[in-house]
Amino acid sequence: MNFEAIIGIEIHVQQKTKSKMFSAAPNGFSRDPNTQIAPLDMAYPGTMPVVNKQAVINAIRVANALHMEIDHTLYFDRKNYFYSDLPKGFQITQQARPIGKNGYVMVAVPGGMKKIRIERIHMEEDTCKQEHFMDYSLLDYNRAGVPLCEIVSMPDIANGTEAREYAEAIRNIVVYSGTSDGKMEEGSMRCDTNVSIRPYGQKAFGTKVEVKNINSFKNVELAIDYEIKRQSQLLLQGKKIQQETRRWDEASGRTVLMRVKTDAVDYKYFCEPNITPIHMSDEFIQKAIETCPELYDSKKERYLKMGLSETDVEVILANPKTAAYFEEGVPFVQNAKNLANFLIVEINSYLNKNGITIQELELSPKTLGEIVTMQEKGGLSHKQCVDILNKVLEEGVSPEEAKKDLKIVAQVSDTDTILKFVKEALDNNPQSIADFKAGNQRVLGFLVGQVMKASHGKVNPAEVSRLLREELEKR
Amino acid sequence: MNYLDLSIRELHEALLAKKVTPLELTEEALKRAHENKDNAFEFIDDEGAIAFAKTLTEPEENNPLWGIPYVAKDNFSTKGIPTTASSDILKGYVPIYDATVIEKLSQAKAILIGKTTLDELAMGGSGTTGHLGKTYNPYDPEHKRQIGGSSCGSAVSVAAGIVPFALGSDTGDSVRKPASYGGLVGFKPTWGRISRYGLFPFAPSLDHVAYFTRDVYSSAVLLDVLAGRDNHDSTSSNRPIECYEEDLDKPVAGWKVAVIKQILDSISNEEIKNHFIHSIECLKEAGITVDFVDFDNKLLESLYATYMVISCAEATSNDANLDGIKFGPFKEGKTYQEVMFNARNEGFSELIKRRFVIGSYCLMSENQEELFLRAQRNRAKIVEKTNAILKDYDFIYVPAAPSVAPSFDSASDRLSDEYLIADNHLALGNFAGLPSITLPLFLENGLPVGINFMGRAFEEKKLFQMANAFEKLSGLKDLSVNNKKEGNL
Amino acid sequence: MKKITKEVLTDAANRLLFTMSDEQYAKLEDEFKILIKQMEKIGEISDLDRYEPMTFPFDCTTTFMREDVPEEPLPREVALKNAGSKQDEQIKLPKVVL
């Protein structure tokens with residue numbers, strides 16, 4: 001029997017606003033627990049929520065990128081439940097009226113693109129962070145109240161690869177719109193997946209299993225494929241799938257039972273009375289959209305037009321900071337592709353070697369552009385430019401100083417000058433001409449060497465080689 | 001009589017003339033607070049009040065609250081001053097920030113001398129359910145009568161002449177009803193006119209910061225200070241504030257007042273009825289048109305159930321933050337659930353627990369439509385009807401309560417089968433968020449009875465003008481247990 | 001609507017993290033009887049469905065949103081001042097089992 005999988009994904013994205021969703025406490029990562037708190041974040045009696053404008057703007061931008069209908073009036077609701085990490089005993093969310101609904105995103109699948117529909121996007125607030133020890137837990141309220149966007153897909157996803165592609169597409173949008181860091185490894189983006197399977201042809205849905213605690217994009221794929229396999233095997237063995245929540249265990253590469261779902265929790269939602277409805281004008285929404293930083297897909301298209309390969313584009317866009325660096329350097333070079341090469345190979349290996357990020361790189365995009373230009377217009381070879389770059393990186397000197405220190409001189413490509421050296425070399429080595437005529441190709445290398453020596457390496461070796469052949473034919 | 005029995009205006013003049021100093025006033029207020037036997041205080045801040053009073057040496061001419069002592073209901077967040085909302089769940093809690101109104105009064109250099117008792121978490125109308133027990137009506141030295149609630153201690157403080165004004169909160173009638181039993185001016189503004197930031201919520205969609213004074217002028221002057229937009233409370237209004245006392249003495253002739261017939265009819269106390277009808281005649285003589293208008297009886301009878309469902313539902317959620325983890329007494333347990341359970345189980349009284357179960361039940365998904373949402377729909381209908389009356393009339397005028405202060409043993413459970421419209425109608429002002437003021441009408445055997453005017457949203461200035469005209473008619477300005485009067489109505 | 005029984009009320013109370021005495025549950029059942037009856041009466045009001053559930057007493061729609069400007073956070077000792085169980089600058093609870 002063959003099964004088809006039906007997968008829906010709920011993604012929570014932590015917004016990187018400057019302050020929290022409903023309080024003005026700083027929204028900044030801090031290693032010091034309980035230092036980023038306003039009274040509201042610990043639910044001190046009498047405190048009241050006030051909506052963060054930037055969090056709304058971010059949500060509008062993401063909703064727009066996901067082709068959603070945007071509600072012009074914001075309402076919030078209370079989701080009531082007790083949990084140790086929930087200071088107020090309720091979470092403020094948007095249950096009845098999400099800011100965006102009915103959207104989609106296109107993701108790459110073998111043989112083309114697939115449309116994954118998105119049910120809703122809404123704003124809410126994060127809970128406090130719990131650290132668990134042997135027999136106790138510690139609570140840090142720094143995270144309490146951090147703005148979240150929750151994006152809920154329709155069950156349009158068919159397998160692990162599509163799920164990963166979907167999650168990456170969402171990541172690209174939230175990262176490039178400036179909404180979030182989108183880092184699954186650090187928890188700034190969290191994917192909860194619902195997986196069910198059914199025999200092909202069956203109309204009714206199978207029992208849904210929730211898989212949580214997935215900490216990377218790769219693991220989204222692995223966890224879902226594992227879960228599909230697990231459920232298929234159960235059904236093939238004639239066993240039942242129970243409605244449960246499982247967690248991805250990275251070490252064993254399996255999903256592990258967390259809890260069996262009994263009756264659904266009743267969250268007793270009702271409209272938050274401490275936030276009056278907020279009307280957003282067309283102008284406000286339009287401005288939020290128009291001022292949205294350029295998104296991934298648009299950048300990709302633009303970079304491809306600059307002549308970059310698909311792979312190079314993906315490498316650069318994998319990190320928005322790299323992309324920003326790249327774009328800053330482009331005006332200083334003739335061909336963006338050359339800049340991309342330096343960035344992807346030399347700069348990346350330098351960053352890796354030194355364990356730093358591109359933001360920590362002291363070399364400005366302009367200076368890198370100057371070095372690239374030395375190759376493009378200054379007659380230096382790629383190798384020479386790499387030497388200059390490394391000296392600049394290591395010693396902090398200017399490219400010109402590095403070039404001088406390294407005694408690098410521009411290659412001569414002028415045919416007449418080179419021809420002079422070539423003729424001289426041939427005149428001085430008649431035996432080599434004879435050997436060449438007799439079929440010994442290797443003398444060519446010797447002759448090139450002679451030319452390079454005589455010219456102190458200033459001439460372009462490729463050009464030397466070409467002219468040598470021409471002259472040898474003539475003699 | 002003493003300076004503390006004077007109104008804010010007269011006190012201000014005395015302070016300007018340096019006949020009395022803020023320190024002397026404060027010491028006297030503290031003395032009266034300590035001597036009071038009505039169980040009005042959760043905390044008396046001798047140290048803080050005296051220290052602050054000592055800093056006030058140069059009177060400020062244009063600051064009518066300069067150096068004047070006051071008290072606040074113990075559900076306002078006061079930095080460094082214990083605040084319990086009269087519940088064991090908050091025993092020992094010391095807030096870390098000031099409510100906006102507390103901050104405004106502090107900037108106006110009014111002197112907070114203490115925090116007053118209330119019905120536990122402001123959920124009650126009798127002034128009996130706080131963790132310190134009953135609060136007594138100062139008009140009854142035998143301690144047999146309620147002052148009413150939930151702002152019981154604040155009402156006592158003003159009626160007993162401890163302070164000239166007191167902050168309270170009003171979700172159903174929690175200031176305006178006790179004002180009636182205490183012979184006071186009890187005022188709540190339009191919803192959103194005064195910031196609620198720092199007021200412990202009971203039911204935010206109905207909650208108002210409200211207050212007691214002994215005269216209309218003081219009430220109006222206080223609104224000058226307390227009103228206004230506060231970016232900590234997103235529900236606070238952006239409308240410009242006004243000088244609420246400037247038109248107090250302007251003529252009111254020509255205004256139209258509606259008396260809701262069914263509310264008057266529901267009152268069985270003939271003496272109250274007669275005095276009220278007499279007051280109507282006096283208003284007419286003053287050139288005011290007074291008409292009896294109808295209000296669907298079914299709707300009036302539904303007020304209490306509607307109020308119960310909405311307020312309990314909101315309250316159960318608001319008070320979910322009370323778990324002993326972040327503040328309030330921490331209770332040991334083997335699991336975090338036990339920790340929270342023990343704190344809540346020991347911290348809340350049985351009455352509060354019942355209210356929470358009611359609220360929670362009304363919000364359950366399978367019950368919401370028939371209970372919570374139905375109550376919210378009914379609220380919309382009630383509000384529509386109320387506003388329809390106020391389209392044709394400037395004010396709605398009704399007795400504030402059906403009786404003088406009830407005795408403790410006669411007090412019935414309000415959730416009883418007998419509807420008493422006149423005991424619950426002040427909630428109209430909370431449902432519709434309208435400004436509403438209670439004033440003394442007369443004294444029945446030495447016990448005060450009040451009336452209530454309710455005006456259109458944000459027409460506080462006009463409401464004070466009407467109230468001031470009424471105060472002149474009644475002759476009951478500055479009424480207190482130390483300053484008993486007969487009155488003219 | 002869920003039928004009101006002692007079990008339902010006990011469960012509701014437990015979910016609110018407290019319990020009550022038998023006497024209180026009995027009292028609560030009585031209160032519910034009255035309340036439900038009153039709410040049923042309200043349900044008979046003919047055109048009630050015409051009304052949207054009301055949260056805000058009047059139209060108070062705003063355009064205000066807070067600018068995203070962080071304010072000085074609470075000093076840690078102030079934030080944790082009222083907490084009864086602390087360790088390592090954090091609030092300590094019995095181990096929370098996921």
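Colleague: In which sense do strand S9 (residues 136-140) of chain A and strand S2 (residues 90-94) of chain C pair?

Modeller: This is a predicted model, in which local features need pLDDT of at least 70, side-chain atom pairs count only at pLDDT 80 or more, and totals for chains, interfaces and linings use all residues. Residues are numbered from 1 along each chain as its sequence is written, while chains are lettered from A and ligands numbered from 1 in the order in which they are written. Strands (E, at least two residues) and helices (H or I, at least four) are DSSP runs numbered from the N terminus, and two strands pair if DSSP finds at least two bridges between them. Here four bridges join S9(A) to S2(C), Ser137(A) has Leu93(C) as its bridge partner, and the sense is antiparallel.

Colleague: Which element gives the most to the side of chain A that touches chain C?

Modeller: Residues are in contact if their C-beta atoms, placed from the backbone, lie within 7 Å, and this contact takes 39 residues from chain A and 30 residues from chain C. On the side of chain A, two or more residues come from each of helix H1 (53-65), strand S8 (129-132), strand S9 (136-140) and strand S16 (278-279). With five residues, the one that gives the most is S9(A).

Colleague: Is Ala166(B) buried or exposed?

Modeller: Ala166(B) has its place in strand S4 (residues 165-169) of chain B, and among the residues it touches, not counting those up to four places away in sequence, are Tyr70(B), Thr116(B), Ser154(B) and Phe212(B). A residue is buried if 20 or more other C-beta atoms, placed from the backbone, lie within 10 Å of its own, exposed if 12 or fewer, and partly exposed in between. Because 28 other C-beta atoms lie within 10 Å, Ala166(B) is buried.

Colleague: How many of the residues of helix H5 (residues 152-159) of chain B are buried?

Modeller: What covers the buried residues of H5(B) includes strand S1 (41-44), strand S2 (69-73), strand S3 (111-116) and helix H6 (176-182) of chain B. Ser154(B), Ser157(B) and Val158(B) are among the buried residues. H5(B) is largely enclosed by the rest of the structure, because the count of its buried residues is eight of the eight.

Colleague: In S3(B), which residue is the bridge partner of Lys73(B)?

Modeller: Five of the five residues of S2(B) are buried, so this strand is largely enclosed by the rest of the structure. S2(B) pairs with S4(B) in the parallel sense over three bridges, and five bridges join S2(B) to S3(B), which also run parallel. In S3(B), the bridge partner of Lys73(B) is Thr116(B).

Definitions and conventions: Two residues are in contact if their C-beta atoms, placed from the backbone, lie within 7 Å.
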